Amino acid sequence: MYEGTFPHKRFQNTLTFLRKHAPSPASILDLGVRNPFVDFMEKEGYSVSNTSGEDLDIDTSAVLDNNVDIVTAFEIFEHLISPYTILSTIKANRLVASVPLRLWFSPAYKSKTDPWDRHYHEFEDWQFDWLLEKAGWKIIAREKWTHPVKKLGVRPLLRLFTPRYYIVYAERI
């Protein structure tokens, strides 16, 4: 449907996963401020609201509303010091979340210009699974995908076959 219109491979993979495990129409609370991916979700028929940029390590009030069908969190949890806090507080019964995977050949991301744009965590899949289970979620489906870059070198070559993103669909236990 959107062939050639996605700015990132991860947008296409994320939307395909979301469609499969949480089809529209559905109301979504997307953790994080409004971003370009929200437009794609809305075009699919989802009703999306976002958090307001509050520090989700401290202020979890946005997820206390259980009037949404699904909470989504796309590349959010790695920015939190304690993702367990927000995960255990979510009142919705369904969650679709993705995280960047830890790459042994590349250090954790740290923006040189934005002090808030840093990864406190880059998970291995089993670590994220464990975190979700401990916070009261049962993983129903999961996928991984690579993130190749158009550059020369050893790291770009490794990115061709080393999964970079991990996405899960989970339900509240």
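A: Begin with burial: a residue is called buried under 20% relative accessible area, exposed over 50%, and partly exposed in between (1.4 Å probe, protein chains only). This is a predicted model, in which local features need pLDDT of at least 70 and side-chain atom pairs count only at pLDDT 80 or more, while totals for chains, interfaces and linings use all residues. Residues are numbered from 1 along each chain as its sequence is written, and side-chain values use heavy atoms, with hydrogens and water left out.

Q: Which residues of H2 are buried?

A: Helices (H or I, at least four residues) and strands (E, at least two) are DSSP runs, numbered from the N terminus. In H2, which spans residues 36-43, the buried residues are Phe37, Val38, Phe40 and Met41.

Q: Why do the buried residues of H2 line one face of the helix?

A: An α-helix has 3.6 residues a turn, so residues three or four places apart point the same way. The arc is taken from the directions that lead from the helix axis to the C-beta atoms. Viewed down the axis of H2, the buried residues fall within an arc of 160°, so they line one face. Pro36 and Lys43 are exposed, on the face turned away from the buried side.

Q: What do the buried residues of H2 pack against?

A: Contact means heavy atoms within 4.5 Å. The buried residues of H2 pack against H1, S1, S2 and S3.

Q: What is found at the start of H2, and what just after H2?

A: A polar contact is a pair of N or O atoms within 3.5 Å; within protein, one must be able to donate a hydrogen and the other to accept it, and residues adjacent in sequence count only if both atoms are side-chain atoms. At the start of H2, a side-chain oxygen of Asn35 comes to within 2.9 Å of the backbone nitrogen of Phe37. Just after H2, Gly45 has a positive phi of about 105°.

Q: How is the order of strands in the sheet read, and which strands stand at the edges?

A: Two strands pair if DSSP finds at least two bridges between them. Here an open sheet of 6 strands has mixed pairing and the order S2-S1-S3-S4-S6-S5. Strands S2 (47-50) and S5 (137-146) stand at the edges with a single partner strand each, so one side of each has no neighbour in the sheet. S5 is joined to S6 (residues 163-172) by 9 bridges, the two running antiparallel; Lys138 stands opposite Glu171 in S6.

Notes. Axes fitted to C-alpha atoms, helices over the stretch in contact; angles between N-to-C directions.
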